[in-house]
Every structure is written in C-alpha cells, then in structure tokens.
Amino acid sequence: MSDVEEAITRAHHDEWARVVAALARRFGDLDIAEEAVAEAFATAVERWPADGVPPNPGAWLTTTANRKAIDRIRRENKRDDKHREAQMTYDDPPEPVGAIDDDRLRLIFTCCHPALAMEARVALTLRMVGGLTVPEIARAFLVQGTTMERRITRAKAKIKAARIPYRMPSADDLPARVSGVLAVLFLVFNEGYLASGPDTDPVRHDLTAEAIRLTRLIRALLPQDGEVAGLLALMLLIEARRAARVSAGGELVALDEQDREAWDAELIAEGHRLVRERLAAAAAGVAPGRYQILAAINAVHTSARDIGDTDWPQVLGLYDQLVRLDPSPIIALNRAIAVAELDGPEVALAIVDGLAEVLAGYHAYHATRADLLRRLGHSRQSRAAYDRAIELAGNTGETAYLTRRRDQLR
Amino acid sequence: MRYLVSVIDDKSNPGSTDRRPAISAFNERLIAEGYWVFSGGLADTDAATVIDNRGEQAVFSDGPFVESKEYLAGVWVWEAPDLDVALKLAAEASKVCDRKIEVRPFQ
C-alpha cells in the first residue's frame, strides 16, 4: 500500500464518524451528511495522490464534505421553509463541553434509536458510524445489496419524518439508551463471532473487529459507564481466543481443548485491566450490569492455565449473580455447565432438562445435554441429542465439532 | 412537530373500562404543558360508515373500513418538539389508558 493509500485508509478509520456527525449536526439530515462525506472521501482518493496528503486530513475532509453538502442543497433547491421544518432537532446551544458532548455520540444514539427496528439500527450504525459501505454491510448479513440499501434508506426516512432527535438522551433515559447501543454492538460482534450460514467462515473477523472498534469509541466517549467497559472487556476476552477457537480444518474447538498458548496475551491483559477497574467499582458499591458479569466470567476462564485450573466456584458465583439480573433460560443453561464441573453432570442434567420446553429450538441446549449425557455414559441418548444439535446449528465450525463428538460416541 | 397518537384496543382482550378519570387528569396535564392539540374517544367500530364516492354515485357501507381484532379506540393530536418527547408521553398514555399506543408523525 502506498503512503497516500495508507493515509486515506487511516483517515477513513479515524475521521469518518466524526465528519458524518459534524455534518449531520450542521445540516440536520443524515442522508445529506452520508452522501457528502462519501463524496469527500472519493475526492480525496482522486486528489491526494497528485496534491499530496493535506496536513490535517480531518479538517480537509470536513471542509470538502461541507462544500459537497451545500452544492447538493443548492442543486435540489431544498433550502425552503419546508425543508428547514423537517430538519432534525438538536440542542442549541450545546450542552456543556466535556467527554459527553460529542457529535459522534449524538450520531450513535440516533442510529440506535429504540423507535427503529433492530436490524435497521445495526445497518445504520455500521454505515453512519462505522463507515462500512452498503455492499459490505449486505455481505456481512448475507442479504442482497438492494435489500440493505432499502433498509438503510427507510431508517433514514423514518428519522426525518418522525423527527427522531439528534442529541444526547436525557439523564433519566441515558442508561436505557446506552444499553440499547451496546445491544447493537454486541449483536454485530456475535454475528461475527458465531457467523451463521452454510457457506460462511466460522468466525468473521471483519465484524468482530468493527464491533470492538466502535465499542472502543463509545468507551472513549463515555469513560464512566461501567457497562460500556464491561462489554469492551467481554469482546476483548472472547476475541483473544479467536485463533484457538477454530482448528486448521475449520472445526470449532471447545474451551477445554483450546491451545491456550495461541490466545492473544495483549487482548487478555487489556480485558483483565477493564474487569479489575469494574471490580474496584463494584467493591465501592456500584452494582455491575450483565456485560460486566459476563466479562468477569470470561476473565476467570482466561486466567486459568488449563481447564483443570479453572476457578469453577467463582464462575458459578458469577452466574448466580447474573441469573438474578437476567433470569433468561440461556443464562440458566450456561450456569448449568459450571454446575456440572462442581456438582457433577447428573445435577447439571436435571437443571438442563428443566429448560426443555423453552429451549427446544436452541442448538446449544441440545449440545449441552449431549455432552452431559455422554459424560454420564448414556451414549444412545447422547447421540440423539447431538443429532438434534447438528440439525439446529447454523455455524459451519460448530456443525463439524458436534459431528466429530457424536461420531466419537461408543 | 405534530403527532397523531392512536389508542389501540383489542376486541378479544380489551383494556380496563375505568380509565376515564385518569385520562382526564392526563389530558389536563397535556394542556397545561402545551402538548395537547386535540383528543377524543371513539364509539364502537360498529357505528362506523364507509363512504366511497370515487365513482358515479356515493356508496355507503356499514362498518369499519377494515375488520380486525385490534381497532382504534381513540385519538390524540400532540404538538411535541421531537419523537423522544412524544414517545415519553406515549409511554405514560399507554399506562393511563391501559392500552397500546401508536405514535405517527404528520407530514
């Protein structure tokens, strides 16, 4: 890659969200902002190789995008009263300057607004904040480009027509709105981590990396928020195990069989630092949310030298805490895995069987059951449970893993 | 920005019928805070008549334009600065009316 190409890539990475956010604020229209910034980057690709990289690429891009936006507005003669009336609302004068007063945060909160459908929030966040192109997002979610284009266009139209505001949520709403943003980012991460689709790679690094990048951005903007720190730690500790999680043959490798030498020590250290920060806050009386507890569970696993070294009582204690916060059957299922280590597979199986009704359609329920039945020596029942899990699993690496485990049954 | 706020009831699972005093109090607050433009509860959908005068002659037909389990039980029109304000009020309205609420912007 040439120096200029590298500068453009870096500017895209560092400046996209900032420039889109600034334009959205100035022109009160996401559509105009998105198009103008895309055009400004196209101009940079054309001009920088000949003119050289400007000393301040961000300022150059903002100025160029502003001009493009004004051109478009003039062209469309949209500066009539009707247009002004349809503009997005934002605080004016802005709130006191501080980490929280950042146009990018407004942009994120608008893209993740609860009045938009979840899939629209995901697409809009990746486009507006992440700067991914529509075809890239379409590929990531295995839908047609035109479908994704429609989804994004429709979301932008709703923001405009219903006047979804471009501003920080009120202090009362902030925790719920932050949790909505985190849900979007975790969904992007999980789609990358457990990619579905028959011909898809088991782990899609582009999506996990993008989710981590955006979570880092939110962390920089909301450094005091415990759940933001928790989600970032959780993602880092999962991402750290990526290389060990899929075998050379594309099969998923379970935690107990992973080569822990292949884990990324740097990501683990960063994740552990964040978890320790939150533990200190918890010790000072701030109750941790679910991402922080999930991160702590992953910190326990990534602290163990091998599976036998795992501090299972601590894992179970954390799951007990999590169940109180979130009594969902999926959490109960994961808790049962820790129970199996402490109290044996029979006790765990009783818990898992109690979840049959609600989790019958969930592959991990059958996979967990299959493993417990195998450990108890019930091969025939175990095989049936593996069969069901394989039928339901959407991830190619997982299917391969489950098939091998089934075929190893005596 | 004006929003049409629809109160949705369900024939097979109707909301409670003792909401009138709470709704009146809520309306008074909406008026005092400057959000209220219009409000009204609607008679049963059986009382509706559909008129089609697109052809030669006006045709009247008995009943609502679409038969459904869920139906419009009442409407508000609110003036609110943005959707966040409207959604917050609508969340309260849903409790006050003991029914689902739809918020839809005017053009």
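Leaving aside neighbours within four places in sequence, which residues is B:Leu30 in contact with? The contacts are B:Tyr35 and B:Trp36, a contact being a pair of residues whose C-beta atoms, placed from the backbone, lie within 7 Å. The structure is a predicted model, in which local features need pLDDT of at least 70 and side-chain atom pairs count only at pLDDT 80 or more, while totals for chains, interfaces and linings use all residues. Residues are numbered from 1 along each chain as its sequence is written, and chains are lettered from A and ligands numbered from 1 in the order in which they are written.

B:Leu30 is found in helix 1 (residues 20-32) of chain B; helices (H or I, at least four residues) and strands (E, at least two) are DSSP runs numbered from the N terminus. B:Leu30 counts as buried because it has 21 C-beta neighbours inside 10 Å. The cut-offs are 20 or more other C-beta atoms within 10 Å for buried, 12 or fewer for exposed, and values in between for partly exposed. The C-alpha atom of B:Leu30 is separated by 17 Å from that of B:Glu102, 72 residues apart along the chain.

Chain A averages a pLDDT of 90, and 92% of its residues score at least 70; pLDDT is the predictor's confidence in each residue, from 0 to 100. Over residues 91-100 of chain A the pLDDT is below 50, and this stretch has 10 contacts in the model beyond near neighbours in sequence.

Chain A contains 21 helices and zero strands. Its C-alpha trace spans about 75 × 45 × 40 Å along the principal axes. Of the 410 residues of chain A, 40% count as buried.

The domain assignment, automatic or from a database, gives domain 1 (3-86) and domain 2 (337-410) in chain A. Their C-alpha centres lie 52 Å apart.

The largest nonpolar core has 131 residues, such a core being a set of buried Ala, Val, Leu, Ile, Met, Phe, Trp, Tyr and Cys residues joined through C-beta atoms within 7 Å. Its largest share, 11 residues, comes from helix 1 (residues 3-27) of chain A. A:Val37 is among the residues with the most contacts inside this core.

Terms used: Two residues are in contact if their C-beta atoms, placed from the backbone, lie within 7 Å.
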